[in-house]
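Trainee: I would like a close look at a single part of this model. Please take it slowly and keep to what can be checked.

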Amino acid sequence: MASSKCTSLSGALSRQLLDSVDSVLFDCDGVIWRGDQTIPGAPEVINSLKKNGKRVFFVTNNSTKTRQMYADKLGKLGFNATADEVFGTAYCSAMYLKNVCKLDGKVYLIGSNAMKQELEEVGIQPVGVGPDPISGVQIDWANVPLDKEVQAVLVGFDEHFSYMKLNRALQYLCNPDCQFVGTNTDTRLPLEGGKAVPGTGCLLKAVETAAQRQAQVVGKPSSFMFECVASQFDLDPQKCLMVGDRLDTDIMLGSNCGMKTLLTLTGVSTVAEAEANQKSECPHRQRMVPDFYVDSIADILPALQA
Amino acid sequence: MAGAVGGGRGCVTLRGAQIRDLLDSKHNVLFDCDGVIWNGEAAVTGAPEVVSLLKQRGKRVFFVTNNCTRPRENYVQKFSRLGFTDVAEEEIFSSAYCSAAYLRDVARLQGKVFVIGCSGVMKELQDAGVPVLEEDEAADREPGISIYNYPLDPDVKAVLVGYDENFTFMKLAKASCYLMNSECLFLATDPDPWHPLRGGRITPGSGSLTAALETASSRKATVIGKPSRFMFECIASQFDLDPDRSLMVGDRLETDILFGSNCGLSTVLTLTGVSTLEEAHRYRDSEEPGQKDCVPDYVVESVADFLEALEE
């Protein structure tokens, strides 16, 4: 393939690129949908890829849905997809705790019911999900009863995040043998309109600061997300295309794992940012330069339907 | 003298005559509270006497604490309860009091402040006459209101974050929304990631909540508390302090000692609180720039060590 980078993906190049890969991994928010609205043409792209014999996977840092919930959303929006093709951080964190941390106990969970379900599916019992209001005085909080079977703290998106939850996580993490895992570091939840909803990254930062410890992060750009897919489906990264809208997560993941990368401009990052990274001398920034870019993934449809 | 260059300087253990000489050269003594003059509800043995004797010897004594959970009038009561006689409200500088002073006198805030903070912070703001956006938790429970959809008050011109046991996702969301306006001020009471409690336990501090909000807003807060200089400037504006004649006594290297360095004060680390002698030595022996500022000039086991010098 071309060794030049950050090239606009024209029709002829599209065909060449697609022929060189057997699997395509898509980020979701800002790539195939925005909130509950599909990016026009996205379902046709995914469905055509499959008709063309390509395998398709969905790789998202969003921890609020189980694989099945994603499959349901994909189905409703016209995508031909199954739960086992979806890799969200709720599922991947559970896999990480089980297979990498080799967790043999419970986990104190700051996160959603979806995360709770995925953990239970792999035989890990979570504690702490749901609202957790404060009561008592300071010394009570330092002395909250701790479940002796908890061997890890997992932090994901949690709209019930509170001082009490932060406190409990801190008490568990005072034990250096207690593992510390986070789903992702995204600072914002991607949403339509002007409101900014703080992302998991904010909650994780609060816990890391209080505990003065760094979490092991499962989500993009950590290569664990790719390893999760690759190990189940026997993927060759050189025959994989990573399609995303964020240079610091999607494209970085692609670079780190040796995949080809395609930036779509329907989300967060811009071509200007990609070009600035390309011009920089910094090796870290060089990993955030896509091989190709398109205005929208719908742009590859003609090549698929030819 | 504080701030001298050279590797391996500092951490001089003080005894007897040396303490007397040091105190003779200083007119003002600034004490941190937690871990220095008290631990929880117990005074450090000898601390009340030290404070009394310093005042009798004509020294001015100030208390500089990052702890924003009480208003100053509560601190006065605590001092009294723990056996410190004659500590006046004017001598107490907490990060809550100084944050309110900053908003009123430095920022000269025209508008309201959205506060993530405890009752201690609220009281100081009220006492300083700084308008606070009242938290309306009932309104947050109205149908249709959620973390994705909530009203904003156009009069909010500043966000202040401090220790808040009632911290919620909703407060984080609202604060980060206000901070999207670059003209909205962003203040934090103090940077402490955790606070020590009795028996070696700890609880999350203002710093952890500030970190969440900095991440959400992609902005850095202006931090009022130690090691920032502002608390010293607050005292100096009211009491005309000469840094060369002032001594900072603290237990936390990254806040108290760094604060002393930043303000040009001589510094004493006491070992009755958070930091250890080993940690002080690590900073002293470090090659990294900036670490030397966390090295205390002097070290004592406890402020009670001053008694020997003062009782002569």
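At which residues of chain B does UniProt place the feature "binding site"?

Mentor: This is a predicted model, and the annotation comes from an unreviewed UniProt entry. That entry places the feature "binding site" at B:His195 and B:Lys226. As for its place in the chain, B:His195 is found in strand E10 of chain B, which covers residues 194-196.

Next comes the interface of the two chains. Here 34 residues of chain A are in contact with 31 residues of chain B. The size of an interface is often given as the accessible area lost when the parts come together. Between chain A and chain B the buried area is about 2900 Å², and carbon and sulfur atoms give 67% of that area. Nine residue pairs are in polar contact across the interface, with both residues at pLDDT 80 or more. On the side of chain A that touches chain B, the elements that give two or more residues are helix H6 (138-142), helix H7 (163-173), strand E11 (188-189), strand E12 (197-198) and helix H8 (200-211) of chain A. H8(A) gives the most to this side, with seven residues. By kind, the residues of this side of chain A divide into 19 nonpolar, 10 polar and five charged.

Salt bridges are the last item. Side chains of opposite charge can pair when their charged atoms come close. Between chain A and chain B the count is zero salt bridges, whereas over all chains the count comes to 27. One salt bridge joins the side chains of A:Asp291 and A:Lys5, at 3.8 Å from N to O. A:Asp291 lies in the loop between helix H12 (283-286) and strand E16 (292-294) of chain A, while A:Lys5 is in the segment before strand E1 (7-8) of chain A, so the pair ties together parts that are 286 residues apart in sequence.

Notes: Residues numbered from 1 in each chain as written. Chains lettered and ligands numbered in written order. Predicted model: local features only at pLDDT ≥ 70, side-chain atom pairs only at ≥ 80, totals over all residues. Heavy atoms only, no water. Contact = heavy atoms within 4.5 Å. Buried area = accessible area lost by both parts, 1.4 Å probe. Salt bridge = Lys/Arg side-chain N within 4 Å of Asp/Glu carboxyl O. Polar contact = N/O pair within 3.5 Å; in protein donor to acceptor, adjacent residues only side chain to side chain. Helix = DSSP H or I, 4+ residues; strand = E, 2+ residues; numbered from the N terminus. Nonpolar A, V, L, I, M, F, W, Y, C, P; charged D, E, K, R; others polar. UniProt positions renumbered as here; feature names shortened; annotations may be inferred.
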